Amino acid sequence: TLVHHLGCIYRYIYLSLYLLYFQIDKYAQRDLKKGLHLYGSDGNIGLTNAWSIIQTDFRCCGVSNYTDWFEVYNTTRVPDSCCLEFSENCGLHSPGTWWKAPCYETVKLWLQENLLAVGIFGLCTALVQILGLTFAMTMYCQVVKADTYCA
């Protein structure tokens, strides 16, 4: 029957979106872990500052947990922004003095809780971009039109 077929289609779409969500989740975590290796390197001050701010403000460390940094430094240490109480070289101390929460899950949860605000911000940014492009194109057309009359 039609209802049965629609139910099957709905389940198929739901399952596909569910699997896609986990694929995106997996790829995002993998890419973020690759990005950790750029932390503190020349020409990556923005990335370094972003990780420091995220870890400090969200009270988290690493993508999955603080051990993500062990691969970056090839030793048991984390950036100072992972420390419960910030001090110079506190990332060299024991894991008991570091944030335990994973940054990926912490930030993802924050985004889910603030989805409406993030969505409105994104739409407003897109609207400003579209209006800017529209005004720029209008000005361009007016300049071309003026050049045609003056020539």
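**Cysteine pairs and their labels**

Tutor: The disulfide of Cys83 and Cys90 is right-handed, because the torsion about its S-S bond is about 110°. A word on sources: this is a predicted model, where local features need pLDDT of at least 70, side-chain atom pairs count only at pLDDT 80 or more, and totals for chains, interfaces and linings use all residues. Residues are numbered from 1 along each chain as its sequence is written, and side-chain values use heavy atoms, with hydrogens and water left out.

Student: What makes Cys83 and Cys90 a disulfide?
Tutor: The cut-off is a pair of cysteine sulfur atoms within 2.5 Å. The sulfur atoms of Cys83 and Cys90 are 2.0 Å apart, so they form a disulfide.

Student: And how do you know that Cys61 and Cys82 form a disulfide?
Tutor: Their sulfur atoms are 2.1 Å apart. Cys61 sits in the loop between H2 and H3, and Cys82 in the loop between H3 and H4, 21 residues apart. Here helices are DSSP runs (H or I, at least four residues), as strands are (E, at least two), numbered from the N terminus.

Student: Why is Cys61 called buried?
Tutor: Buried means under 20% relative accessible area, exposed over 50%, and partly exposed in between (1.4 Å probe, protein chains only). Cys61 has a relative accessible area of 0%, so it is buried.

Student: Why is Cys124 called partly exposed?
Tutor: Its relative accessibility is 43%, so Cys124 counts as partly exposed. Cys141, at 39%, also counts as partly exposed.
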